[in-house]
Amino acid sequence: MDWVDLRSDTVTRPTPAMREAMVRAPVGDDVYGEDPTVNALQNRVAADLGFEAALFVPSGTQSNLLALMSHCERGDEYLVGMDAHTYKFEGGGAAVLGSIQPQPIMQEADGSLPLERVAAAIKPVDPHFARTRLLALENTWHGRVLPLDYLRAAHDFAREGGLALHLDGARLYNAAVACGVPAREIARCFDSVSVCLSKGLGAPVGSVLAGSVALIEKARRWRKVAGGGWRQAGMLAAAGLHALDHHVARLAEDHARAAALAEQLAPLPGLRLLGQHTNMVFVEVPAERLRALDGHLRAAGIRISIGYLPTLRLVTHLDVDDTGIARTIEAFRTFFAREHRA
């Protein structure tokens, strides 16, 4: 079946042009620093985001972990959103592998951490407390874009407080496209940025951590310790380079399709639209209808993530075109029309 897969933007498949770039990529042993395509990707991301250096790694989870372990020592603390990916969805890696204490802070609805709450969470210099070293933000967060003015204020706050500032920018390019600015305009507020190539950009695997030369050298060592040393990784890096060349501006199409999907789903009886942010649409469906909806959509060739919660996230991406959106709208419409008549 030709599926319309709205579960996540991680499900994209390499385009034919991307596959061709991967086949043609020159390669070498990256643990020795000899893979020319990996080196080109790292240099490209560092230059694009305005940093001295960058490091290609297997996943966003590892990229964030390496950043935390490079900014912090054992017994240090980082401040992070209570619903942030680095805190909630990355296996507690900072604590388990880095002996770094997270201090979660309640986020606002837009994903920002109120700076007065952050200030109140910073520990005094005292042997009773972990040493507060780092503030970590996420952009986008559940598709929401952090305002540039807020990021600049967070930068100034961190500088005044002696904190480093890290960005989980898994969807940094979605945020940049939504703001209408180059990605470096967002990245310039941070000491390090992790960006994912395998979500909206459509590469098959990989993330890049960017920062200072000193930070990236620490991260390179921790990458090896964590089992993330690449060998001939140039074929994967080539996919990332192709994505940066061809798949950034088109993220606006994903945002537009998400907006069209949200507009058509909003009036359906029995469904409540919670919001649309960049390439994500959030809806609420009565819990007792979830399984029936899942079966109905699958019969129509549509995949969504169905759990036990009534809130559903629908994600547009490279492999979802206008026809797929129309098919999804019709499938939702027929389901809720039938349920409403019943």
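Biologist: What are we looking at, and how are residues numbered?

Modeller: This is a predicted model, in which local features need pLDDT of at least 70, side-chain atom pairs count only at pLDDT 80 or more, and totals for chains, interfaces and linings use all residues. Side-chain values use heavy atoms, without hydrogens and water, and residues are numbered along each chain as its sequence is written, from 1.

Biologist: How many aromatic pairs are there?

Modeller: Rings of Phe, Tyr and Trp (its six-membered ring) pair if their centres lie within 6.5 Å; planes under 30 degrees apart count as stacked, over 60 as edge-to-face and the rest as tilted. By this rule the count is three.

Biologist: Which parts of the chain does the pair of F56 and W230 tie together?

Modeller: The two rings are stacked, at 4.9 Å centre to centre with 15 degrees between the planes. Both residues are buried (under 20% relative accessible area, where exposed is over 50% and partly exposed in between, with a 1.4 Å probe and protein chains only). Helices (H or I, at least four residues) and strands (E, at least two) are DSSP runs, numbered from the N terminus. Because F56 lies in strand β2 and W230 in the loop between α10 and α11, the pair ties together parts 174 residues apart in sequence: β2 and the α10–α11 loop.

Biologist: Why does the pair of F332 and F336 count as stacked, and in which helix do they lie?

Modeller: Their ring centres are 6.3 Å apart and their planes at 10 degrees, so the pair is stacked. F332 is buried at 0% relative accessibility, and F336 is buried at 0% as well. They are four residues apart, about one turn, in helix α14.

Biologist: Which ring does the charged end of R144 sit over?

Modeller: A charge sits over a ring if NZ of Lys or CZ of Arg is within 6 Å of the ring centre and within 35 degrees of the ring normal. R303 does this at 4.0 Å from the ring centre of W3. For R144 the distance is 5.6 Å, and the ring is that of F282.

Biologist: Is H317 buried or exposed?

Modeller: H317 is in the loop between β12 and α14. Beyond residues up to four places away in sequence, its contacts (heavy atoms within 4.5 Å) include D5, D9, R250 and D254. With a relative accessible area of 1%, H317 is buried.

Biologist: Which residues of β6 point the opposite way from A164, H166 and D168?

Modeller: In a regular strand the side chains alternate between the two faces of the sheet. In β6, six of six residues are buried. A164, H166 and D168 point one way, and the other way point L165, L167 and G169.

Biologist: Which strand pairs with β6 over four bridges?

Modeller: Two strands pair if DSSP finds at least two bridges between them. β5 pairs with β6 in the parallel sense over five bridges, with L135 as the bridge partner of L165. Four bridges join β6 in parallel to β7.
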